[in-house]
Amino acid sequence: MTALSGTRALVIGAGRSGRAAASLLAARGARVRVVERNPAARRDPAWPAAVELVSGESRPVSLDGIGLVVPSPGVPHDHPLLTAA
């Protein structure tokens with residue numbers, strides 16, 4: 001697997017797959033932002049400090065500097081962040 005040191009990654013969805021993707025990306029050196037529409041979502045305590053959670057649909061999320069976008073399996077292909085990326 002390629003080292004992702006210095007890469008800024010965005011994971012869409014904080015369910016099981018999204019949490020696993022965030023953990024893997026961080027373990028490979030990426031700085032990870034996880035976005036979840038559920039405002040009650042909580043940060044996974046197993047995540048390293050390199051993982052940030054942004055929850056709630058009303059919060060704007062910037063794609064500036066993001067080099068990799070990983071959608072969870074349940075994220076629709078026309079999700080606004082995927083369209084913008």
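The backbone nitrogen of Ala 46 lies 2.8 Å from a polar atom of the Asp 44 side chain. A polar contact is a pair of N or O atoms within 3.5 Å; within protein, one must be able to donate a hydrogen and the other to accept it, and residues adjacent in sequence count only if both atoms are side-chain atoms. This is a predicted model: local features need pLDDT of at least 70, side-chain atom pairs count only at pLDDT 80 or more, and totals for chains, interfaces and linings use all residues. Residues are numbered from 1 along each chain as its sequence is written, and side-chain values use heavy atoms, without hydrogens and water.

**Loop**
- Asp 44 sits in the loop between S2 and S3 (strands are DSSP runs of E, at least two residues; helices are runs of H or I, at least four; both are numbered from the N terminus).
- Asp 44 is buried, at 16% relative accessible area (buried means under 20%, with a 1.4 Å probe, protein chains only).

**Sheet**
- Four strands form an open, parallel sheet in the order S3-S2-S1-S4 (strands pair if DSSP finds at least two bridges between them).
- S3 and S4 (68–71) are the edges, each with a single partner strand, so one side of each lacks a neighbour in the sheet.

**Pairings**
- S2 (residues 31–36) and S3 pair over five bridges; Val 34 has Leu 53 in S3 as its bridge partner.
- S1 (residues 8–12) and S4 are joined by four bridges, and Leu 10 stands opposite Val 69 in S4.

**Burial of S3**
- Four of the five residues of S3 (residues 51–55) are buried, so the strand is largely enclosed by the rest of the structure.

Key. Buried means under 20% relative accessible area, exposed over 50%, partly exposed in between (1.4 Å probe, protein chains only).
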